[in-house]
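These entries record what I looked up, beginning with the sheet and ending with the cavity.

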Amino acid sequence: MHALHRPWGTQHLSQSQGEGTALVFLNSLGTDLRMWDAVCTRLPQEWTTLRMDKRGHGLSETAPEGYGIPDLAKDVLAAMDHAEIERAVIVGCSIGGLIAQHIALMAPERVVGLVLSNTAPQLGPADGWLARIEAIRAHGMGAIAEGILPRWFGPDFLSHPDAALWRTMLARTDQDGYIATCAAIAGTDISDRLSAITQPALVIAGKHDLATPAPVVEALARALPRADFMMFETTGHLPAIETPDAFAEALVRFVERITA
């Protein structure tokens, strides 16, 4: 683990250095880089992996002012430079997938391919995000954590004791950082730019996802010029946590195909 010093503060990174394909992992809202732990341990050892905590998440500092999704994409590109990764497969879940789409538009030469999990070019209407921001300001992160869990997880994982660990992580997320990230999501819709994302993509949905329902994710796959779509039948919004074996298997199969 190491840190990248940015103008707004320190960003927390974790890199595993190999000689083969490079992959960059981008987390969902309210999670940190640990959401990829079980996936990364199942990948070929020769691959390079880079994980990072967004501003205001995990061990990264919170930016003192507002920012947009393009700023978060620039953070990722700076982290890739810091890790000496020229090109990579970008793997993103939820807002991580939205950031990945921006990277593909902003710096297409840096992107070998995309794995877009439970995401869309617009993550719900702006008024829903603004209402969540007001609820957090009034009642704090802990008050929303219980209601978020059924949006994150399918019934199988929701009944598992480990679900409580992720609720605790969400409740402990920096409030200012979470609010600023919600505001960035609320102001973003790149639906009209998807035809310009020409890299091969694997788009993943969860049947029980209440945050980005499967039809929304499937619409993203249809709008991208070179996308494959797959559905996990038992998962919700975070299949990398819920079924890491299946997620890693799909990821390896996709990466090996596009890099052969």
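I take two strands as paired if DSSP finds at least two bridges between them. Helices (H or I, at least four residues) and strands (E, at least two) are DSSP runs numbered from the N terminus.

I note that this is a predicted model, in which local features need pLDDT of at least 70 and side-chain atom pairs count only at pLDDT 80 or more, while totals for chains, interfaces and linings use all residues. Residues are numbered from 1 along each chain as its sequence is written, and side-chain values use heavy atoms, with hydrogens and water left out.

**Entry: the sheet**

I looked up the strand order and found an open sheet of 8 strands, E1-E2-E4-E3-E5-E6-E7-E8, with mixed pairing. Its edge strands are E1 (2–6) and E8 (227–232), each of which pairs on one side only. Neighbouring strands are turned by 20° against each other on average, direction ignored; for such angles, axes are lines fitted to C-alpha atoms, for helices over the stretch in contact, and the values run from 0 to 180 degrees between N-to-C directions.

I then checked two pairings. E6 (residues 111–117) and E7 (residues 201–206) run parallel, with 4 bridges, and Val115 has Leu202 in E7 as its bridge partner. E1 and E2 are antiparallel over 5 bridges; a hairpin of 2 residues joins E1 to E2, and Leu4 stands opposite Gln11 in E2.

**Entry: H2 and H3**

Which helix axes come within 9 Å and cross at roughly 75°? I found that they are the axes of H2 and H3 (residues 95–106). H2 is therefore roughly perpendicular to H3, a label given to angles of 65 to 115 degrees.

I listed the residues in contact (heavy atoms within 4.5 Å). From H2 they are Ile69, Pro70, Leu72, Ala73, Lys74, Val76 and Leu77, which meet Ile95, Leu98, Ile99, His102, Ile103 and Met106 of H3. By class, this contact has 11 nonpolar, 1 polar and 1 charged residues. Here Ala, Val, Leu, Ile, Met, Phe, Trp, Tyr, Cys and Pro count as nonpolar, Asp, Glu, Lys and Arg as charged, and the others, Gly among them, as polar.

**Entry: the cavity**

I searched for cavities, each a set of points on a 1 Å grid over the protein atoms alone where a 1.4 Å probe fits but cannot get out; lining residues have an atom within 4 Å of a point. The whole structure holds 1 cavity of 30 Å³ or more. The volume of the largest cavity is about 60 Å³, taken as the space filled by probe spheres set on the points.

Its lining includes Gln11, Asp75 and Ile99. H2 gives the most to this lining, with 3 residues. I recorded the lining as 5 nonpolar, 2 polar and 3 charged residues.

Methods:
1 Å grid on protein atoms, 1.4 Å probe; cavity = no way out; pocket = protein on both sides within 12 Å on 5 of 7 lines; lining within 4 Å. Parallel < 35°, antiparallel > 145°, perpendicular 65-115°, else oblique.
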